[in-house]
Amino acid sequence: MDISSIEYVVFQHIMKRGTGKVIDESDDFLLIFDTVSEGYYLACADHESGMKILEKYITKDWKLLMVTEPERKMPAEIFRVYEAKETLVNEAMNAVGASLGKNVARKYNFNGPMECYQFAFLNVDEDEGCFEEEASDLDPNRVDGLSRKMTEDEASEMAEDEASKMAEDAKNLLSVRVADENDFSMLAANYDLISKEELKDLVQKGNILLGYDEDRLVGFIGQHHEGSMGLLYIFPEYRKKGYGSRLEQVMIKKIRKTGFIPYCHVITDNKASVRLQKGLGLVQTKNTVSWMWR
């Protein structure tokens with residue numbers, strides 16, 4: 001399966017860094033296992049091929065699964081039966097056109113699914129948009145102070161930072177350093193959307209950044225095991241000042257410097273975060289993805 005388009009940015013990231021193991025592939029699907037996130041990832045052209053390949057390989061040992069959502073269409077023969085009654089059409093569409101994620105989660109007893117929009121930063125000119133200034137980005141020597149998919153809580157933190165003037169002010173004030181093991185207790189006390197084991201591993205890998213206004217810790221952001229940005233948290237007293245936007249900008253730059261495309265996942269009903277991602281210059285892909293877990 002061709003995964004060169006931005007709709008498959010997760011697969012591109014995993015395969016490029018060399019941690020993806022291909023389980024099976026054809027012109028219609030690609031199923032891989034990522035050794036870092038210990039998750040399975042399925043890209044497929046249609047619902048039928050997706051369900052068929054999962055039926056062949058899935059076991060109870062699979063703890064994390066992400067699937068790309070194919071376009072959902074009602075078969076023409078069913079539409080003709082119900083087209084006279086709109087309510088019945090909607091009911092039929094829900095039954096026949098249920099998302100791949102929902103059907104997989106239901107059949108194989110996963111929690112979720114959590115359907116998300118994908119956003120990716122494709123701007124090749126760092127002199128435009130949010131990269132007009134070289135940040136003091138990462139100071140590994142600083143030790144003062146004490147990150148299946150982006151959740152609604154994380155996105156809400158970012159949505160509060162939309163005001164451009166506030167973001168500009170924060171840009172001039174924010175300094176950033178990489179979190180280390182001494183910061184773990186603080187991070188765990190303020191972020192519980194992933195396990196403590198996963199959080200500790202992200203810290204050890206240098207995947208979490210702490211933001212400071214002078215000597216005051218204002219928040220943090222991270223990069224999940226599969227490569228997406230997330231784990232954003234701004235302390236209450238520093239919200240609505242642009243720090244969330246600035247932290248994401250710094251994370252974008254950090255990821256780009258490693259040669260990868262920065263991307264994130266936003267739950268589909270979070271309109272505020274959708275607006276924010278676009279405001280930061282990220283492009284929304286045509287498809288969605290669904291995360292599920294056990």
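**Salt bridges, surface and backbone of a predicted chain**

Asp 183 and Arg 177 form a salt bridge in which the closest N and O atoms lie 2.9 Å apart; the term salt bridge stands for a side-chain nitrogen of Lys or Arg within 4 Å of a carboxyl oxygen of Asp or Glu. Both Asp 183 and Arg 177 are buried. Here, buried means under 20% relative accessible area, exposed means over 50%, and partly exposed covers what falls in between, with a 1.4 Å probe and protein chains only. The model is predicted, and local features need pLDDT of at least 70, side-chain atom pairs count only at pLDDT 80 or more, and totals for chains, interfaces and linings use all residues. Residues are numbered from 1 along each chain as its sequence is written, and side-chain values use heavy atoms, with hydrogens and water left out.

By the salt-bridge rule, the count comes to 7. One of them brings together the side chains of Arg 17 and Asp 34, at 2.8 Å from N to O. This pair links distant parts of the chain: Arg 17 sits in the loop between helix 1 (9–16) and strand 1 (20–25), while Asp 34 belongs to strand 2, 17 residues apart. Helices (H or I, at least four residues) and strands (E, at least two) are DSSP runs, numbered from the N terminus. Arg 17 is partly exposed, with a relative accessible area of 27%, whereas Asp 34 is buried at 0%.

A further salt bridge is formed by Glu 55 and Lys 107, whose closest N and O atoms are 4.0 Å apart. It, too, links distant parts of the chain, with Glu 55 in helix 2 and Lys 107 in helix 5 (residues 100–108), 52 residues apart. Glu 55 is exposed, with a relative accessible area of 54%, and Lys 107 is partly exposed, at 45%. Salt bridges that share partners also join Asp 213, Glu 214 and Arg 216 into one network.

Of its 294 residues, 52% count as buried. The chain exposes about 14,200 Å², and carbon and sulfur atoms supply 48% of that area; accessible areas come from the Shrake-Rupley method with a 1.4 Å probe, and for residues only the protein chains shown count as cover.

On the surface, Asp 27, Asp 28, Asp 46 and Glu 48 gather in a patch of negative charge. Patches are made of residues with over 30% relative accessible area and no salt bridge, like charges being joined within 9 Å and nonpolar side chains (Val, Leu, Ile, Met, Phe, Trp, Tyr) within 5 Å. Lys and Arg count as positive and Asp and Glu as negative, while His and the chain ends are not counted; the place of a charge is taken as NZ of Lys, CZ of Arg, CG of Asp or CD of Glu. Glu 48 lies in helix 2 (residues 47–57) and counts as exposed at 56% relative accessibility. Leu 54 lies in helix 2 as well, but this residue is buried, with a relative accessible area of 0%. From C-alpha to C-alpha, Leu 54 and Leu 31 are 8.6 Å apart in space, and they are 23 residues apart in sequence.

Helix 11 (residues 271–279) has Ser 273, Val 274, Leu 276 and Gln 277 as buried residues. They lie on the same side of helix 11 because they cover an arc of only 165° around the axis, the arc being that of the directions from the helix axis to the C-beta atoms. The face turned away from this buried side carries the exposed residues Lys 271 and Gly 279. After helix 11 comes Gly 281, with a positive phi near 95°.

Most residues other than glycine have a negative phi, and most peptide bonds are trans. Glu 38, however, has a positive phi near 55°. Glu 38 is found in the loop between strand 2 (29–34) and strand 3 (39–44), and is exposed, with a relative accessible area of 55%. Leu 231 also has a positive phi, near 55°; this residue lies in strand 9 (residues 229–234) and counts as buried at 0% relative accessibility. Finally, a cis peptide bond joins Gly 112 and Pro 113, with omega about 5°, and Pro 113 is found in strand 5 (residues 111–121).
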